[in-house]
Each structure stands twice: as C-alpha cells, then as structure tokens.
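Please go through the structure below, chain by chain and contact by contact.

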Amino acid sequence: MYDYIIIGSGIVGTTIARELSKYDVKILVLEKENDVANHQTIANSAIIHSGHDPKENTLKAKLCVEGNALYEKMEKELHIPLLRTGAFVIAHDAEEENTLNDLYERALRNGVTEINFYTKQEALKLEPNLSDDITKVLSLPSTKVTYPWEVAFACLENAIINGATFQKDSEVTQIKKTGEIFEVEVNSKEIIQTKSIISAAGVFSDTVAQMIEKDVQYQMKPRKGEYLVLDRKVKGFMKHVIYPLPTAKGKGVLIVPQVHGNILLGPTSTLQDEKELASNTKDGLNQIREDVKYLAKNIPFDQVIRTFAGIRSSSTYDDFFIQESKEVKNFFHVAGIDSPGLTAAPAIAKYLVTEILNAHQLKKNPNFNPIRVKRDAFYHLDDKVQQELIKENPFYGNLVCKCEKITEAEIMETIHGPLGNDTIKGIKKRARAGSGLCQGGYCEGTILRIIARETKQPVNKINYYSKNTPILVQETKVKP
Amino acid sequence: MREMICIACPVGCHLTIDENLHVEGNLCQRGEKYAIEEITHPTRILTTTVKTTCLLNPRLSVKSKDPIPKELLFEAMEILNSIRIENNVKIGDVIVKNILNTGVDMVATRTIIINK
Amino acid sequence: MKIDIAIIGGGAAGLAAAIAANDPAVRILVIEREEQLGGILNQCIHNGFGLHVFKEELTGPEYASRYMDAFYEKNIEFMLHTTVVDIKKTNDFLVTVTSLEQGLQKIEAKAVILSSGCYERTRGSIMLPGERPKGIMPAGSAQRYLNIDGYLVGKRVFILGSGDIGLIMARRMTLEGAKVLGVAELMPYSNGLTRNIVQCLHDYDIPLYLSHTVTNVKGKDRLEQITIQEVDSKFNPIDGTEKIFDVDTLLLSVGLIPDITLFDSLSLIKHPVTKSAIVNQFYEANISGLFVCGNALHVHDLVDYVTIESEKAGKNALDYVLNPRKPSKQVHEIKLNENIRYVVPQMIDFEYFDVPIELSFRVTKKMNKGIFKLIQNDQIIMTKKAKNLAPAEMEKMSLNPNVLIDSSPLTLILEEVEA
C-alpha cells in the first residue's frame, strides 16, 4: 500500500516525486509509456521564463517567478544544465512600445526583480542579428534555458534514491475508492492500493479525473506547437531568448538558444481535438519561418536538422488547476499545466506538498539526500580527466556519435544506469547520441549493436522507442 | 508494340518495337540491337549478397559474372539465399557455378576472412 | 606522434590520395573510423564503377579492392576503428584521434587531406511534415543495414527522391523480399541514370511519380501511411492530387552533404553551393596545408572522378610537404554565369599555374546543346561544345595555361544553343 501514487512522469510528476521524497512517505510514480517524460516534457522550448507574461495574481505568475529561482538550487543539487541567456521582448513601433511598458509593469507586480529596457542601438550591439525594425527592447536577465527531460530524469532518479518507486508501461485504467483507500487499476489488470493520488497526467488529466469524479471542473483543450531545430553550429547567432509581444494566442514564435548550442524556432499555436497527435504541418513550419523574420535577420534556415511538435496541456480553467478534489478526498489535481509549466514545476511541487498536503502533516525524511551525482559529457571534461577515464574504461576511447561527441562508455552507462533504457530514442534522450547534424545517420547502427550486446538481445529486437518498433524488421536469408 | 528507353549510351533514345521486331526511334545500331534483345531475351547482371558465418562481415557481396535471363532473377535469389559461407573467400571465387543452368557463375566481389 | 600527411577517411578518395602521396621521403597515415577500409564502396554492391579508370564495369567492393591491394602493397600506415575528434592548427596541424584500442592520441602533421566523404540529408533537414514514427530513414542507411548487416528495415517501402541511391535501393529491397510501392521525385525529371530507371523501376513495375513529393506521414509508433501530391512549377503541392500509400518504410534519397564538420573550429572558408571548402587548383583550402578531395569537397556521381581528383590532391599534399610554396598574391575566383551552379576548383592560383587544371562543374538546368566559353579580359580564350547537359551529371573541362592572356580573373559561362 502506498501513501501517494503520482500519475505521470513528465516534469510535473517527477518534480512532485522528488519533493515528496523529502518526507517519510511511500511513493509510486506510474507512467503509461515505456520511458520517463514522453510528451510535453520532451517537446517544448525549454525556457525558464522570468514571469513577465502570466496574468497577475494567478498561480501561473506566482509559481513561475518562484520556480525560476528554484532552478538555481536544482542546478547545484541535481547537476542539470542551465544556460543563463536572459531574454529580450521586442517592440517595433510606438504601439508595441506601450505594450512593452505594460509588460514591464506586470513583470514587476508578478515579482520579477531583474528587468530593464534597452534602446534599439543597445539591443543591436548585444544581438547584431535582431531585426533592424525594432525600436525598443525589454530585457529580462533572469530568463534561462534548461534541458527539460534531463531535469525530469534527475528529479526522478533523486526521488528513487530517496525511496520512491517508478513503474513504467503502467497505464491507469480505472480508479475506485473504498473507504479511505484508493484502488488504482493499471493496464486493466493489476490493482495497486494507495491512500492518496496525485494526478500529473498532462493532457490526459481530465480523462484520469473522470475515473473518480462525476463533475470534473475543467476540460483539456490540447494546443499544438510546432518547432524547427537548428544545428548547434549556429551557436552565437542569438544569445538571448527573443520574444515578440504576446497575443491572445500566446507568447508567439520565439528564437530560443538551447543548452547544447542548437537554436529552436517556434512554437506555433493551434487548437486540436487529438490529445497526442503531435505532427508537423507545412503551414505550421512555414508560419514559423515567416513569424521569426519579424524578430531577426540573417536567420540560418539552411541549418534546420529537425522539426517537432508538442501538445500543450491547456484547459478550460484559466490558471494552473492545483487543488484537492471537492468530490473525492485525497485525490489531488495538478492539471492545466501549460506554459509556464516547465519553469513553475519545482514551485508547483513545493506548493502542492507544503500547502495543499499540509493537512497530511507529513514527517520529514531524515535520510533525504538532495544531491544527484552526474559527470559532464566526456568531451566536456579536461584532458587529464579524459585520460584517466580511458585508462579505467577503454570504451571511453570509442567515439560513437561523431556529431555530438558521445562515447561508447557513456552510451553503456545510460543503458544500465538508474532509469536505464534500451531503445534508440531512450539513448538519444539520455546521452544525446543521434541528436546532432546527421540525426543518427552514422551512429544508429553502432548504437543498435551496443544495446543488443549490453542487454543480450538480438539486434533486430531493439526498438526505436515504444514496444514493437524495431529498426531492423527482418533478417534476410534466414527462415522466419 | 512496346515502348522502351535505350540504355546503351547516355542519350537514352525512346524506342518502339513491334511484333516483327521492327525498331524505331534509335539514333544508332546499338539501339536496335538493345531493343531486339530486350524483347526476345532480356538479361541482367545480378548483384546481391550471401550469408556468411563471419562476425565482421555477415554478408558477402556477389555478382553474376555475366548477365542472366531477367526472368530467372528471383529464382536465382532463392538459391543464393540458402547459401552459407563458412570458409575464407577470395574476390573472384565462384560461389555458385552455372547458376540455374545459365552457364553463368556467381562470383564473390570481395575477399573475406572468416573470424568465428 | 609526428607525421607528414594525415589522410582522414580511407574510402575511395582517401585510398587514392594515399597511394599518390606515398613516397619514401614522407610518413603518411590514413585514419579510418570503420573497422575496414573502403568507405561507402563496401555497401555499394551493385555495378557501374570503374568504367573510366579501369574500362571495366565493377561493383563497389571490387573497385575498392583494386585500390586496397595497391594500398597494402605499398605498406602505407593506417589506423582502423579510429575517429578524428578535433583538428587544430598552429604552424602544423594537431589532429586528435580516439579509438577503443589506443585511447586518445594527438598526431602532429604537416599537411592534412580531408577525404571524409559525405552524409545524407534527413527528414528534418527537408522539413517533411507529419508525425514522427519509426520507419523514415535515409536510403544509404537502409543500404548499409541490408548489404553489410543483412537486415531489411521494412517490408512495404516508398522512396522519396529518384537519385541513383533511391533507384538502386528500390531494386535491392525488392530482390530481398520487400514490396516497393513507388518512387516520388520532386523534379519533372529523374536525377538518376536512365539505366537505373529501366533496371530498378521498370523491371519491377515500380511506378515513378515525377513532380511529386511526400506531403504527410502518418503513424504513431511505426510508419503506417504516407501521402504524396503533385507539385506545380513552384514546387507547391496541388490540392486534390493526393495519393495515399500504406507503407511501413519511407526511404529518403534527398541529397548528400560533404562532411567537413571537423573544420568548423578552424576558419575554413566555405562555398555556399558545394557546402564545402573553397579550394585552388591544388585542392588546397584557404588554410595552407589542408587539402580536400572526393565527396568531402563536392558530391560526385562517379567514383572514377573521385579517384582522379584525389590522386591529384594526394600528389599536391606530397609536393606541399617536400617543396613548400611561398604564399601567392595572384589567386582569383572563377566567375560563373547563371547556367553553371558551381565549379571546383573555385580559385586559381595564377602564380603557380603551369600545368593544365581540370575544372569540374555542374549546370543549373538540363540542356540538349550548349557551349561553354572561358573569358579573360573580355576575350573568349576557350570554347567547348557540349550535349545532353544535366545538373545530375558532373562536367569536366581541361584548362591549359597556354590559353591564358595574363593573370587576370577568369569567367566561365554556359550558353544554351537552340536545336
């Protein structure tokens, strides 16, 4: 019997798991897919926003500003990458400048402390590739960029060493409450008992809530955002996150430098019915190219290496919906977590645990260890350390992913490590092998062979991602 | 009446040939010869691989030394797919002699040393 | 480790360059990342190689083997399963390499020949819309899995791009038991050899959809369906022309890019069309002692031309080490007109121009008849008639120093001749 079952291992579920593991409680994280962080968390702009955009006096505003500050602490404790880019919001004329001033006021009221204006000349000096049509810029130095799924992995790994349990391939199919105990049915067969449920089910929040509530207070309204990814050789083209002025549809198409040197262009914003259809469209990709020209010049579109799309967990409720169910005691909603969800995540976790679960009078976990030890990528270490590592383990000598400089030893570590994975995409998420310029053209075959060897499976059983997605479909010249 | 593109040289004349093997559209004699052969007995070089027991090279590339009748290609593939190379092979070695009685040998196009 | 010439890549270009650079007075080293030499030729098991160099039609492995025999015979040093991590230059080059067997090593070299081939354009770089299921792969990767490892990557296949690699794979997958449902080509004509259209598509009744492209991809985990549409003269999809195919594999044959990423850290001047180094007639880039040849310099259609070019580059690297030239002040770019996409070499060093230079170039559009004119000081100093010009076929022209008037820049133009 668990004290808490957390449904969903995206950025929200994993930060909550970590926060809860600071207390002496039995935690189980259930994830329906076969890996940690599979949907929104791996398909967003990776920005840790300053807090200029959310409406005042909302949870979004409060938790965004708090979350932004908490990332500094997480960087030290969990060894997550954090790029201190700062951000510019740009105006092109007097009307836009008025909106810029409003944003400034709003940011101050939301609690943003680092904020100032730049003139066109000052801004262009800092970012020569900005559009020549800008007139004024709002600068937000506290904006950062992280590597979202690495944060999710780090939080969950830390939660696990502090006692939490993780179960993937576990879809919640039914929830019943008998007395004070919840019976959570997983994959239509297994029943797991728990005293409380925290639903961090992303775009499926209403589906999960409907399993136990008659009258769910919100409805999910999925909104897709498409992105273009530029190769990391464009690093330096833009050093800050660049925002246009926000509209009713959202923050607009942005230019976002990434932790490893890439630049993201996007997202678009289109409502759709499907919860998981994250496809790119010709119109969407064209819209990005058009909209981004408003922000900058000399955009290196010939360096696009990838496109992707993410589905936002937007809902009919106009803020984060973080509260205990009014119908069912000890069922907690953490729903409608769209932007600034990534930024707010650690603050959402704190808010949930310290304020909402206050009534549970949780006892602290005396053995809680906040530290996650992780070494930097091999080719970011200095010569001496590299030589020592190679002496210990010659597999550091075999360079597998030429584009991102990832060694065989690092790939082996991700296969076997905590939250290890034996799929091509799982390796890509953890070690970055295959994320570069050639998108796995050179290294995919080698990675398949390494996974096969390390997991003692035949090479044609290794999946791309989900079950039953083998890259090598059939061996030739053998009887089936 | 059949239409085809001649592949004897880079020009690629568009040819037509009728039941009496009368060819039109060719700019030279090679085109006429090609069209007649394509209608009466089209042949192709077969290049493929055969399975080996070698860890480094699980497949050995092979070719037909000369073109074989086009209609025999899939049957030839079946024969080749049942072969297992267990010993060292030198480039040019005959892997299948006189495949399907065509008079044409299948030969190795590379040298491999079997390391088991 | 101190050597004279480091040759990065042991495929067709590297082997030819090494054989040409081989000399008792210099120490050369070929560095190859695979576990065997031969490069891409190892997986090109079809024939059509060597018609120019050997006057025979060979398969890829056979062509490679000719050069490997010569290479081994000369006892040229080489490292296998070794990857170059980094190249720096002060006076000499410092090449950092790594391997499982030897770990990290630094090699000092007086000259470097980059013969590292090219990589394939991917789904992302052509911004193909749709979902992102497993099953979309560049044709060369599928070729490697099939011919080297022995696996089919799918059973129901569609191919985007009618260049030779796409056509060859259409036949190859069919022979090995897959069903190939069609090939789509954006242009109104195929880029591949007519022989391949006949022997890879017509032979197997595989339809070729010219002026078509893939406009949607469906499948959550595995590919399930693709949509192709006809395009107009501006390459925009035409509504109502959608054709849907149920497939589990989409192979992409949509372009090759020279692999010169190693030089991103050096200030290599790159050409916007070839996407590789700008070189002079010695195949030397703007960084002295750095030579580039083969597909790493510009994408070739015939391996024979890779060999010829790389032999020159190898010899030039040898000369560079034995007889360093003083820097020249008379280097000029060859100007082109709109009918020529690019020319290699892009620059001519007139101070050291005393033997004929071979110019390689591609035209921008198909032409039945054309005339090339080489112009200096507004005078036509050379002309060459040509027939059946196409962007997919590299053209060659020999430039003899004795046609020059002086050391002024040259312009190469192509004019279409009406039939």
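The questions and answers that follow cover helix packing, sheets, a chain interface and domains.

Student: What are the conventions here?
Tutor: The model is predicted: local features need pLDDT of at least 70, side-chain atom pairs count only at pLDDT 80 or more, and totals for chains, interfaces and linings use all residues. Residues are numbered from 1 along each chain as its sequence is written, while chains are lettered from A and ligands numbered from 1 in the order in which they are written.

Student: At what angle do α1(A) and α8(A) pack, and what is the handedness of the crossing?
Tutor: Helices are DSSP runs of H or I with at least four residues, strands are runs of E with at least two, and both are numbered from the N terminus. Axes are lines fitted to C-alpha atoms, for helices over the stretch in contact, with angles from 0 to 180 degrees between N-to-C directions. The axes of α1 (residues 11-20) and α8 (residues 341-354) of chain A lie 8 Å apart, at an angle of about 40 degrees. With the near helix turned clockwise from the far one by less than a right angle, the crossing is right-handed.

Student: How many residues of chain A are in contact with chain C, and which element supplies the largest share?
Tutor: Contact requires C-beta atoms, placed from the backbone, within 7 Å. By that criterion 42 residues of chain A touch 37 residues of chain C. Elements of chain A that each supply at least two residues include α7 (282-292) and α12 (444-455). The largest share, five residues, comes from β18(A).

Student: Which residue of chain C stands opposite A:Glu475?
Tutor: Strands pair if DSSP finds at least two bridges between them. Two bridges join β23(A) to β11 (residues 151-152) of chain C, and the strands run antiparallel. Opposite A:Glu475 stands C:Tyr151.

Student: Why is one side of β1 and of β3 in chain B left without a neighbour in the sheet?
Tutor: The open sheet of chain B has three strands in the order β1-β2-β3, with antiparallel pairing. β1 (2-5) and β3 (23-24) of chain B each have one side without a neighbour in the sheet because they stand at the edges, each with a single partner strand.

Student: How far apart are the C-alpha centres of domain 1 and domain 3 of chain C?
Tutor: An automatic or database domain assignment sets the bounds: domain 1 of chain C is 1-120 + 256-323 and domain 3 is 330-419. In contact are 13 residues of domain 1 of chain C and 15 residues of domain 3 of chain C. The C-alpha centres of these two domains lie apart by 26 Å.

How values were computed
Two residues are in contact if their C-beta atoms, placed from the backbone, lie within 7 Å.
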